[in-house]
Amino acid sequence: MGDILDVAREQVLEQGTGLTQEQLVEVLNTPDDRLEELLALAHDVRVKWCGEEVEVEGIISLKTGGCPEDCHFCSQSGQFTSPVRSVWLNIPELVEAAKETAKTGATEFCIVAAVRGPDQRLMSQVKAGIEAINAEVEINIACSLGMLTQEQVDELKAMGVHRYNHNLESARSYFGDVVTTHSFEERWETCLMVKESGMELCCGGLVGMGETLEQRAELAAQLAELEPHEVPLNFLNPRPGTPFGDMEIMGGKDALRTIAAFRLAMPRTVLRYAGGRELTLGDLGTREGLLGGINAVIVGNYLTTLGRPATADLDLLAELKMPVKELQKTL
Amino acid sequence: MTTLVYCGHCGREQADGSHEDCRRALAMEPPRYCAECRRRMVVQVHPMGWSARCSVHGTLTSS
């Protein structure tokens with residue numbers, strides 16, 4: 001077998017075929033002195049198969065905290081002694097958040113709720129929220145409301161939800177170390193239903209949760225198998241009171257290798273910077289990731305923590321001469 | 001004048017330790033505890049800001 005970067009150049013860059021799980025393990029073991037070469041290749045793949053544009057999104061928590069699930073990275077679980085209190089956002093505040101997001105040039109606004117799956121009250125609030133946003137703001141609306149029934153998938157599609165987020169969180173082989181209150185297969189099932197409905201599937205995960213490099217490659221391969229429209233890539237931000245609260249922050253070079261590996265696994269997907277990049281990568285690493293396979297960002301704050309100022313990311317995109325994707329091109 | 005007795009990040013008394021890590025953390029997340037009474041606050045993070053409400057001492061915002 002040849003050098004993995006030469007293989008990737010031919011297989012991914014030239015032919016557009018993502019690397020296999022075994023090949024991704026090799027990529028994740030790329031030595032530091034070849035990291036720059038790896039990132040340049042991942043960037044070339046991104047530009048060739050996705051184009052120069054970067055997709056910008058804002059997110060908001062509609063229902064915070066009190067979640068019955070035990071995702072060990074999450075401060076919103078009601079099972080841990082996290083300081084996050086339960087709160088619902090009202091519709092005027094939701095519309096205001098959508099307006100703030102649209103002002104940044106974002107094309108996506110994702111409404112998120114910390115739940116196992118939506119109940120009737122949440123579905124009603126989402127419906128009212130979407131109607132109120134559509135009346136005042138031009139932006140695509142995405143949702144992340146946990147595991148869905150087929151009926152709920154159909155309802156969300158009928159509400160005009162453009163994209164649905166449901167992450168795999170971690171590789172199948174490591175999932176039981178991260179979540180015990182539901183299974184990897186339950187998540188997978190929701191993802192399949194979303195795809196079949198015609199909504200765009202947004203499905204990613206977190207890295208830096210104690211998984212091995214092999215399991216990181218496994219996650220990328222399992223995501224590639226699902227063929228999501230978008231993959232949000234989160235880096236663990238250890239939250240006080242959660243089982244993963246004392247974990248080390250992932251190293252920047254490992255994070256960059258992961259970005260490149262995910263791009264080489266999924267040459268055509270929207271690969272989005274999500275939570276934790278501020279801690280893991282900092283300002284310099286954020287730039288390197290954008291030049292190493294990333295083609296989408298969450299701007300502004302996250303659900304319970306703060307992000308870089310939106311202007312910092314938008315200025316960086318301008319400096320890198322990466323145009324922000326416009327709304328009409330996504331419709 | 002308001003007396004800030006408690007750390008907004010960890011909820012312990014300001015006089016208890018240096019809270020250097022807490023100050024760093026508060027650059028990246030809103031306060032969770034009221035600095036006057038240590039009650040856990042109801043925090044809402046927005047794309048461009050946040051608000052934190054104590055049922056007794058009112059609301060703080062990022063602005």
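Two residues are in contact here if their C-beta atoms, placed from the backbone, lie within 7 Å. By that rule, the contact between the chains takes 21 residues from chain A and 14 residues from chain B. This is a predicted model, in which local features need pLDDT of at least 70 and side-chain atom pairs count only at pLDDT 80 or more, while totals for chains, interfaces and linings use all residues. Residues are numbered from 1 along each chain as its sequence is written, with chains lettered from A in the order in which they are written.

**Where the chains meet**
- On the side of chain A that touches chain B, β1 (55-64) and α4 (91-103) each supply at least two residues; helices (H or I, at least four residues) and strands (E, at least two) are DSSP runs, numbered from the N terminus.
- The largest share of that side, four residues, comes from β1(A).

**The sheet of chain B**
- Three strands form an open sheet in the order β1-β2-β3, with antiparallel pairing (a pair needs at least two DSSP bridges).
- β1 (42-46) and β3 (58-61) of chain B are at the edges with a single partner strand each, so one side of each has no neighbour in the sheet.
- Four bridges join β2 (49-54) of chain B to β3(B), and C54(B) has G58(B) as its bridge partner.

**A helix in chain A**
- Helix α2 (21-28) of chain A has Q23(A), L24(A), V25(A), V27(A) and L28(A) buried (20 or more other C-beta atoms within 10 Å of the residue's own).
- Their cover includes α1 (4-14), α3 (35-50), α9 (213-226) and α10 (252-265) of chain A.

How values were computed:
A residue is buried if 20 or more other C-beta atoms lie within 10 Å of its own, exposed if 12 or fewer, and partly exposed in between; C-beta atoms are placed from the backbone.
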